Amino acid sequence: MKKSALLFLLLSSFVYSQNNDQKMLSDIYKLSLTNSKCYSWLDYLSNQIGSRLTGSVGAEKGVAYTKQQLETLGLDRVYLQEVMVPKWVRGEKETAYILDNKAKTTVPICALGGSIATAKNGLTAEVIEVQGLKELEALGTEKIKGKIVFFNRPFEAENIDAFTSYGHCVDQRFSGAKEAAKYGAVGTIVRSMNFRLDDFPHTGMQSYGDLTKNKYIPTAAISTNGAELLSKKLKENNQLKFYMKLSCQTYDDVLSYNVIGEITGSEHPEKIMIVGGHLDSWDLADGSQDDGAGVVQSMEVLELFKKLNYKPKNTIRAVLFMNEEFGGKGGRKYEELSKQNKENHIFALESDAGGFSPRGFSFECDATNFEKVINWKYLFEPYLIHSFTIGGTGSDIGHLTSAKIVKAGLIPDSQRYFDYHHAANDKFDVVNKRELELGAATMASLMYLFDQYGID
């Protein structure tokens, strides 16, 4: 065959594939925006079931509901994967107030996940304010012993990516109690992890690390308005006292499940691609943004493929992970069983950053595969998807360790996410239907492209 003829055939094949890809993405977005189920799924998950704290009845109901819905999609396989998870109960609503020259000012707080309770009558002590763990260390036992440590480092407003600000603050929530206890503190309160000044305390996971149980101290988040007020009053009177009462309790681990739906690959069933989010939420609200949105978007990817009669080359799974918020045991169990079964995962995509307008993806991969992704950017431009970066992807898929795998995390607009993250206002009415559907379509499009062209 002459070189010119071969070149023509190659060029024709490229143009044909390009046109097919453009049409497929167009079909995906159109179907998602006009005839998808993700918003109605989220409505039920949020408004009929509600919060899904690991180990709770709500989590059990979430497992049953999502499994039932996956079974209606005509998938090749839907099943549950057993995982033992912690069970922590908040108890009665927390109480807190500032005691300043006999004046009592109530402030909103909530226990952090895994905290112990205070004594039955609560805890009262003087307060010392710090900006972080380094300042805590510098102050030492002499100035901290017997006091409540108040971690008050705010979000950095100058960062465009809200998750950067979160990353620079969250150590005081996760490790604050553990570190303060080493210097004799009797409790900690932590400024809530958000930009906005409001009255919602934001909970979240904390860890006592390797402390012995007799060294555990109660720890709670205080709303940003409450933190501002406490800081102001401390400047006026550094001998004021703070009262808080927590009633939380930790029980033995209980049985729960990851929920998995699967379409078997038509050419390479042994090669597995997964898309997922976490089914558990915190207990203060129904967890619509974190991470009900990611759950229903992952389910929607499979529904879109079935409705479009798309038969993937590789096996595609939607994995709804349990226990991301409280230790990540669902992701670890999935990887443990994957190793036992000698499974080969080639691609994993996670949605755990809210249901806001999609902006792009972050990737964990080598330079060759990232170049492939960059070559697909033009396909996403009509849908205003523009951000393709190297970076973190997701905590649940982070455990996967196949020999050769590309990981991706959906990047929605992050500016409002932490207004709701882990707080009592993370409810269904803060999720926009079109934004949720656009996110599902964007995820399905990336899954389609990796299924068509594989990884290098």
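Outside the four places on either side in sequence, Thr 315 is in contact (heavy atoms within 4.5 Å) with Glu 262, Ile 263, Thr 264, Gly 265, His 268, Pro 269, Lys 271, Ile 272 and Met 273. The model is predicted: local features need pLDDT of at least 70 and side-chain atom pairs pLDDT 80 or more, while totals for chains, interfaces and linings use all residues. Residues are numbered from 1 along each chain as its sequence is written, and side-chain values use heavy atoms, without hydrogens and water.

Thr 315 belongs to strand 12, residues 314-321; a strand is a DSSP run of E with at least two residues, a helix one of H or I with at least four, both numbered from the N terminus. From its side chain, the backbone oxygen of Pro 269 is reached at 2.7 Å. Thr 315 has a relative accessible area of 2% and is therefore buried (under 20% relative accessible area, 1.4 Å probe, protein chains only).

For the protein chain, some totals follow.

| Item | Value |
|---|---|
| Helices in the protein chain | 13 helices |
| Strands in the protein chain | 16 strands |
| Buried residues in the protein chain | 56% of the 456 residues |

Along the principal axes, the C-alpha atoms fill a box of roughly 90 × 40 × 40 Å. Of the contacts between residues at least 6 apart in sequence, 83% join residues at least 24 apart.

Definitions and conventions. Buried means under 20% relative accessible area, exposed over 50%, partly exposed in between (1.4 Å probe, protein chains only). A polar contact is a pair of N or O atoms within 3.5 Å; within protein, one must be able to donate a hydrogen and the other to accept it, and residues adjacent in sequence count only if both atoms are side-chain atoms.
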